[in-house]
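I opened this entry to keep track of what I looked up. My notes follow the order in which I checked things.

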Amino acid sequence: MAILTQNLSLPFSCQRPLYTSSSFPPPSSPSALSTISFSENYRNARKKLRICRAMSGVVEGASSPFAKEMERLSAKESLLLALKDAGGFEAVVTGRTTDVQRIDVNERIIALERLNPTTRPTTSPYLEGRWNFEWFGAASPVFLATRLLFGRIPPTLANLSKLDLLIRNVYGTAIAHVKLLNSIEGRFVLSSKFSVEGPLRMKEEYVEGIFETPKVNEDTVPEQLRGAFGQAVSTLQQLPVPIKDTVSSGLKIPLGEAFQRLIMISYLDEEILIVRNSAGEPEVLTRLDPAPDPEPLS
C-alpha cells in the first residue's frame, strides 16, 4: 500500500504544514481583497488537509475497504506467482515440487483464504463455470483415478496433461486429459453431484466414470507404430455396428453414488476457487470461461 501511495502524484506535500504565511494575504492588502483571498486559501488548505487524511487512511487504516481490496488483489497475484515458481500443473502431477515450494504455496493459500470476499460461496453464481486445476493434493479423486489407470506406465508413454472441472446446476464434470506416446489423446471423465450443506460446506457424490476412446493424430504417430495403427483402424471398421458404437462411446464405470467426499470452499471470487477436503488438503482452481453476473442463486 505504501508503494501505491507513493505512485500517486499530488501537487502538494502532506509532510509540510498546509497553513503557511503564503496561504494568506499580507496585512497591508485591502480589506475586501484580504477577505476574499483568505476565504479561498482557507478552503484550499482545508481541501488539501482532507486529501492528506484520506491518503493517510489508505496507508494506515487496515479497515478501509479500499485497503482490504488492494491487499486481496496482492495476495491473489502472490499465490499465482508461487504456483508458477513451483512448476505449475506438470510439477504437481509428476511430484517434482520441493518441500520449500509446497510450504510457500500453502502459506500464500492461507493468506488469500482469510481475505475471502464471498460469504456464502456454496450458493454463489461464481461457483458455476469451467475451472482449471492448478494445485491439488494426492487425495484428489480424479488424480487418484488417473494414477490408478496409468500409475504403472512410464511418463514417456502416458502423462496427465490437464485437469479441469465444469460445474453446472449442482452437477460437476471433472475431465482428466491424458496423452499417450505424445500422439494419442484420451480423456477420463468423472461425473458428480453436489449437495449444499452450509454456507461453506458441500457434499460431492460421484455418479459415473467414463474412459473415452482415445483420439489419434495420425501425423504424430511414430513411424515404427504406423503399421500396427493401420491394422487396428482396419479391424475396428470391420466390427459389428453395436460393438463399434460401444467402443466409440468409451468405457463407462457406474459408481451409483457409492463414493463421496465432503469439501469446504475456503475462497471464491470471479477468478479463483480454493477447496479443502476433509483432510484439509487444498485444491486451487482458476476460471477458464468468463465469470457470471455476481447475483446470488435463488
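**Entry 1: a buried glutamate**

I started with Glu-283, which is buried at a relative accessible area of 4%. The model is a predicted one, and I read every value here with that in mind. I placed Glu-283 in strand β9, residues 282-287.

What does the side chain of Glu-283 make a polar contact with? I found the side chain of Arg-261, at 2.9 Å. Next I listed the contacts of Glu-283, leaving aside neighbours within four places in sequence. Phe-133, Trp-135, Phe-136, Ser-140 and Pro-141 are on that list. Arg-261, Leu-273, Ile-274 and Val-275 complete it.

**Entry 2: the chain as a whole**

I stepped back to the overall figures. The chain has 298 residues, and 35% of them are buried. I noted eight helices and nine strands. For the accessible surface I have about 18200 Å², with 57% belonging to carbon and sulfur atoms.

I also looked at sequence separation. I took the contacts between residues at least 6 apart in sequence. Of these, 64% join residues at least 24 apart.

**Entry 3: the nonpolar core**

How many residues are in the largest nonpolar core? I noted 41. The residues with the most contacts inside this core are Leu-79, Val-105, Trp-135, Leu-273, Ile-274 and Val-284. Strand β7, residues 251-268, supplies the largest share of the core, with five residues.

Trp-135, Leu-273 and Ile-274 were already in my notes as contacts of Glu-283.

**Entry 4: aromatic pairs**

I found two aromatic pairs in the structure. One of them is Phe-133 with Phe-136, at 6.0 Å centre to centre and 85° between the planes. Is this pair stacked or edge-to-face? I logged the pair as edge-to-face, because the angle of 85° is over the 60 degrees that this class asks for.

Phe-133 and Phe-136 are both buried. Ring pairs join Phe-89, Phe-133 and Phe-136 into a cluster. Phe-133 and Phe-136 also contact Glu-283, from my opening entry.

**Entry 5: salt bridges**

My count of salt bridges is 15. I began with Asp-269 and Arg-72, whose closest N and O atoms are 2.9 Å apart. This pair links distant parts of the chain, 197 residues apart. Asp-269 sits in the loop between β7 and β8 (272-277), while Arg-72 sits in helix α3, residues 65-85.

Are the two partners buried or exposed? Asp-269 counts as buried at 1% relative accessibility. Arg-72 counts as buried too, at 7%.

I then turned to Asp-289 and Arg-168, whose side chains meet in a salt bridge at 3.8 Å, N to O. This pair also links distant parts of the chain, 121 residues apart. Asp-289 lies in the segment after β9, and Arg-168 lies in strand β2, residues 158-168. Asp-289 is partly exposed, with a relative accessible area of 22%. Arg-168 is partly exposed as well, at 40%.

Asp-289 has another partner in my notes: its side chain meets that of Arg-287 in a salt bridge at 3.4 Å, N to O. Arg-287 is buried, since its relative accessible area of 12% is under the 20% limit.

Which residues do salt bridges with shared partners join into one network? I wrote down Glu-69, Arg-72, Lys-76, Asp-269 and Glu-271. The Asp-269 and Arg-72 bridge that I began with belongs to this network.

**Entry 6: another glutamate**

Glu-283, by contrast, is buried at 4%.

What does Glu-71 touch, not counting residues up to four places away in sequence? I found Arg-114 and Leu-115. The side chains of Glu-71 and Arg-114 make a polar contact at 2.7 Å. For Leu-115, I checked the C-alpha separation from Glu-71, which is 8.2 Å. These two residues are 44 apart along the chain.

Note on methods. Residues are numbered from 1 along each chain as its sequence is written. This is a predicted model: local features need pLDDT of at least 70, side-chain atom pairs count only at pLDDT 80 or more; totals for chains, interfaces and linings use all residues. Side-chain values use heavy atoms; hydrogens and water are left out. Helices (H or I, at least four residues) and strands (E, at least two) are DSSP runs, numbered from the N terminus. Buried means under 20% relative accessible area, exposed over 50%, partly exposed in between (1.4 Å probe, protein chains only). Contact means heavy atoms within 4.5 Å. Accessible areas come from the Shrake-Rupley method with a 1.4 Å probe; for residues, only the protein chains shown count as cover. A nonpolar core is a set of buried Ala, Val, Leu, Ile, Met, Phe, Trp, Tyr and Cys residues joined through side-chain atoms within 4.5 Å. A polar contact is a pair of N or O atoms within 3.5 Å; within protein, one must be able to donate a hydrogen and the other to accept it, and residues adjacent in sequence count only if both atoms are side-chain atoms. A salt bridge is a side-chain nitrogen of Lys or Arg within 4 Å of a carboxyl oxygen of Asp or Glu. Rings of Phe, Tyr and Trp (its six-membered ring) pair if their centres lie within 6.5 Å; planes under 30 degrees apart count as stacked, over 60 as edge-to-face and the rest as tilted.
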